[in-house]
Amino acid sequence: MKSAVKTIALAAAIGLAAISGAAAQQVRVGFAAEPYPPFTSPDASGNWEGWEVDFMKAICAEAKLDCVVTPVAWDGIIPALTSNKIDMIIGSMSITPERQQTIDFSDKYYNSLPGVIGPKDAKFEPTPEGLADKTLGVQVATIHQVYANKYFAPAGTTVKEYQTQDEANNDLAAGRIDAVQADSVAMLEFLKSEQGAACCDMKGMVKDDPEVLGLGVGVGLRKGETELKDKINAAIKAIRENGTYDTFSKKYFDFDIYGG
């Protein structure tokens with residue numbers, strides 16, 4: 001009898017553990033499989049760190065989600081989402097009308113304008129006229145590629161596309177291109193590095209175009225997944241209101257990354 005009671009008790013305990021484990025929905029979070037400081041970078045052990053990693057941890061904890069980091073090549077990250085290889089994207093992806101035709105987005109969680117950097121001894125404005133005779137590096141499948149082809153290429157700029165932002169930055173530092181356009185926060189981080197500080201400076205921000213540049217950065221989600229979207233939006237709102245967002249942001253920025 002005692003053995004039977006123990007068996008029943010053990011089964012009950014296992015059942016409760018299973019129920020408890022099932023309470024946290026597992027979500028595969030797609031990041032670009034490349035360093036993009038200060039947002040995402042692998043450490044020496046291959047673990048991902050950075051502002052967006054802290055953001056992911058905060059919203060997943062708030063929404064009670066078991067989030068698993070899943071690095072994906074940037075130009076394949078939307079197909080990975082739509083084909084169910086990942087469940088959401090947290091990778092500095094701007095909310096644009098073009099992308100909204102394919103995927104859905106959470107509410108904005110940060111916003112910053114693109115900036116253009118170039119050699120310290122070169123004087124030019126980040127305008128079609130200023131870049132008319134120059135080679136501009138951009139990362140493929142980004143708003144910067146779209147913007148450069150819309151505004152700069154017609155004015156005579158040679159737009160050179162790179163698979164990763166690091167490749168564009170390295171070519172600029174080596175003098176193989178004249179300028180790079182990317183997120184201004186990421187560019188300012190590059191300019192703090194030994195390589196960036198030695199070669200380059202910020203030339204300024206490009207003129208805004210919400211149709212191309214979007215309305216801020218959001219979490220990418222599959223269309224129709226309303227329940228997950230509601231959880232993420234509620235979590236973003238909660239960490240903004242309870243101070244968590246400001247607490248981890250201060251580790252990286254001395255300004256409000258959330259933006260206007």
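Across from Ile117 sits Val180, a residue of strand S10. The two strands involved are S7 (residues 114-119) and S10 (residues 179-183), which run antiparallel and are joined by four bridges. The model is a predicted one, in which local features need pLDDT of at least 70 and side-chain atom pairs count only at pLDDT 80 or more, while totals for chains, interfaces and linings use all residues. Numbering starts from 1 along each chain as its sequence is written, and side-chain values use heavy atoms, with hydrogens and water left out.

Zooming out, the protein has 260 residues, and 47% of them count as buried, with buried meaning under 20% relative accessible area for a 1.4 Å probe and protein chains only (over 50% is exposed, and partly exposed lies in between). Its secondary structure comes to eleven helices and twelve strands. The C-alpha trace spans about 90 × 40 × 30 Å along its principal axes. Among contacts (heavy atoms within 4.5 Å) with a separation of 6 or more, 71% link residues 24 or more positions apart.

The S7-S10 pair belongs to an open sheet of five strands, ordered S9-S8-S10-S7-S11 with mixed pairing. Strand S9 (158-162) and strand S11 (200-205) are at its edges with a single partner strand each, so one side of each has no neighbour in the sheet. From one strand to the next, the twist averages 30°; axes here are lines fitted to C-alpha atoms, for helices over the stretch in contact, and angles between N-to-C directions run from 0 to 180 degrees.

Two helices go with this sheet. Helix H5 lies across S7, strand S8 (135-139), S9 and S10, and it runs at about 150° to S8. Helix H6 (residues 165-173) also packs on the sheet, touching S7, S8, S9, S10 and S11, and its direction makes about 150° with that of S10. Which residues of H5 are buried? They are Ile143, His144, Gln145, Tyr147, Ala148 and Phe152. The buried residues of H5 pack against S7, S8, S9 and S10, and also against helices H4 and H9.

There is another open sheet of five strands, again with mixed pairing, in the order S4-S1-S5-S12-S6. Its edge strands, S4 and strand S6 (104-110), each pair on one side only. Helix H10 (residues 226-241) packs on this sheet, where it touches S1, S4, S5, S6 and strand S12 (217-221), and its direction makes about 10° with that of S6. Inside the sheet, strand S1 (residues 25-32) runs parallel to strand S4 (residues 65-72), and eight bridges join them. S1 also pairs with strand S5 (residues 88-89), in the parallel sense, over two bridges.

Neighbours within four places in sequence aside, Ile78 is in contact with Ile89, Met93, Arg99, Thr102 and Ile103. Ile78 and Gly220 are 142 residues apart in sequence, yet 8.2 Å separates them in space, C-alpha to C-alpha.

On to the pockets: a pocket is an open set of points on a 1 Å grid, where a 1.4 Å probe fits and protein lies on both sides within 12 Å along at least five of seven lines, and its lining residues have an atom within 4 Å of a point. The largest pocket is lined by 27 residues, and Ser92, Ser94, Ile143, His144 and Asp183 lie nearest its centre. The second largest pocket has 18 lining residues, with Ile78, Thr96, Glu98, Arg99 and Ala141 closest to its centre.

Definitions and conventions
Two strands pair if DSSP finds at least two bridges between them.
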